[in-house]
Amino acid sequence: MTFEVEILKPKIGAAIHVDRKSVCDDDVIQACQQLMEERTLVVFPEIGLSDEQQLELTDRLGSRVYYAANVPGGTTAGSDVYEITLESEINNEPEYVLSTFFWHFDGAHNHAAPPKVSMLASWGLAEKGGQTEFANTYAAWDALPDEEKAELEGLRVKHSIISSMRPFAETPSDEERRRWIKAVFNTRLGEEVPADCDSDDFEKEHPLVWTHASGRISLVLGVSADRIVGMPLAEGRALISRLMEWTVQPDFTYRHTWRKGDLVIFDNPGALHRVLPYGAGSGRVMHRTTVTGVELIA
Ligand SMILES: [Fe+2]
């Protein structure tokens with residue numbers, strides 16, 4: 001055995017303690033995939049991988065995608081590594097990063113399958129804030145009472161870019177909307193942004209309850225979840241709000257306090273995540289790589 005597994009919380013999280021040079025060994029990869037499936041996220045504490053090593057690990061978990069092509073402030077184009085930061089010398093358009101202060105999964109607005117795996121490496125720490133929280137949306141579904149499950153099955157939710165912006169841009173200008181729409185479009189690789197597009201084009205309807213190909217079931221929620229189709233606005237938003245409170249309760253969540261060199265790999269379709277607020281100039285820098293999605297939300 002070249003590694004040791006540590007369970008972090010009963011329903012979410014595991015750590016793999018392994019030497020840097022063994023991180024891509026077959027048995028480590030196999031354990032990582034299994035733990036991610038069962039426990040949403042895997043931490044490699046202070047492993048300190050280079051970008052090249054992180055990309056090698058990314059490639060072992062699926063097909064790599066640069067998930068932030070031309071996202072405002074996106075950097076290191078061509079390297080497949082996206083730097084998540086509020087540092088102005090790296091990212092001069094931080095709105096996209098501010099959205100990560102709120103519970104979300106990556107790819108909620110997209111028509112393509114959401115990314116299968118996201119991988120975050122800590123290169124710089126915030127003095128205050130900057131911890132990342134994860135919620136296991138399979139565990140949240142599993143623990144619901146049967147009668148509530150029956151009421152939720154079949155409901156559909158509109159996910160909108162405006163809903164994702166609402167917490168930090170109450171009345172977004174046309175220019176801000178356009179920039180956000182562009183960011184969403186650019187995550188749909190290869191598509192051109194139509195000149196006359198409107199934010200209404202950037203709503204995506206998903207089932208509230210997602211039965212995955214594996215047979216496991218998760219809730220599809222987050223800050224992007226705006227309305228329940230066919231339900232009065234207030235009633236729908238109240239339901240979304242209650243389900244969010246349920247999903248992010250302590251039993252189903254894990255908060256990661258970063259140390260430099262930590263690597264966290266998570267199952268994006270089964271996880272909501274957010275970062276605790278941190279400020280520009282705090283020094284926090286994360287390097288993200290992404291494995292492309294293989295399963296549409298259905
Ligand atoms: Fe994210």
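Colleagues, a word on the source. This is a predicted model, in which local features need pLDDT of at least 70 and side-chain atom pairs count only at pLDDT 80 or more, while totals for chains, interfaces and linings use all residues. Residues are numbered from 1 along each chain as its sequence is written, and side-chain values use heavy atoms, with hydrogens and water left out.

Let me give the overall picture. The protein chain has 8 helices and 16 strands; these are DSSP runs, helices being H or I of at least four residues and strands E of at least two, numbered from the N terminus. Of the 298 residues in the protein chain, 55% are buried. Buried means under 20% relative accessible area, exposed means over 50%, and partly exposed is in between, with a 1.4 Å probe and protein chains only. Among contacts in the protein chain with a separation of 6 or more, 78% come from residues 24 or more positions apart; contact means heavy atoms within 4.5 Å.

I return to histidine 109. Where does histidine 109 lie? Its place is in the loop between helix H3 (95-98) and strand E6 (117-124). Histidine 109 has a relative accessible area of 12%, so it is classed as buried.

Next, the metal site. Which residues coordinate the iron ion? They are His104 through NE2, Asp106 through OD and His273 through NE2, at 2.1 to 2.2 Å. Donors here are N, O and S atoms within 2.8 Å of the metal (3.2 Å for Na, K and Ca); water is not among the atoms, so sites may look incomplete. The sequence spacing of the donor residues is H-x1-D-x166-H. Histidine 104 and aspartate 106 are both buried.

I turn to threonine 247, in helix H8 (residues 233-247). Its relative accessibility is 0%, and therefore threonine 247 counts as buried. Its side chain reaches the backbone oxygen of leucine 243 at 2.8 Å. Leaving aside neighbours within four places in sequence, the residues in contact with threonine 247 include Ala135, Thr137, Leu219 and Phe252. Threonine 137 stands 110 residues from threonine 247 along the chain, yet their C-alpha atoms are separated by 6.4 Å.

Phenylalanine 252 brings us to the aromatic rings. The whole structure holds 3 aromatic pairs. Why is the pair of tryptophan 246 and phenylalanine 252 called tilted? The ring centres of tryptophan 246 and phenylalanine 252 are 5.9 Å apart and the planes are at 55°, so this pair is tilted. Rings of Phe, Tyr and Trp (its six-membered ring) pair if their centres lie within 6.5 Å; planes under 30 degrees apart count as stacked, over 60 as edge-to-face and the rest as tilted. Phenylalanine 252 is buried, at 2% relative accessibility, whereas tryptophan 246 is partly exposed, at 27%.

Arginine 216 has its charged end over tyrosine 138, 3.7 Å from the ring centre. Arginine 284 lies over the face of tyrosine 278, at 4.8 Å from the ring centre.

Finally, salt bridges. A salt bridge is a side-chain nitrogen of Lys or Arg within 4 Å of a carboxyl oxygen of Asp or Glu, and the whole structure contains 15 salt bridges. One of them joins glutamate 133 and arginine 255, at 2.8 Å from N to O. This pair links distant parts of the chain, glutamate 133 being in strand E7 (residues 132-136) and arginine 255 in strand E13 (residues 253-256), 122 residues apart. Glutamate 133 is buried at 8% relative accessibility, while arginine 255 is partly exposed at 45%.

Another salt bridge joins arginine 227 and glutamate 203, whose closest N and O atoms are 2.3 Å apart. Here strand E12 (residues 225-228), with arginine 227, is linked to strand E9 (residues 203-207), with glutamate 203. Salt bridges that share partners join Arg166, Glu203, Asp226, Arg227 and Arg237 into one network.

Key
A charge sits over a ring if NZ of Lys or CZ of Arg is within 6 Å of the ring centre and within 35 degrees of the ring normal. A polar contact is a pair of N or O atoms within 3.5 Å; within protein, one must be able to donate a hydrogen and the other to accept it, and residues adjacent in sequence count only if both atoms are side-chain atoms.
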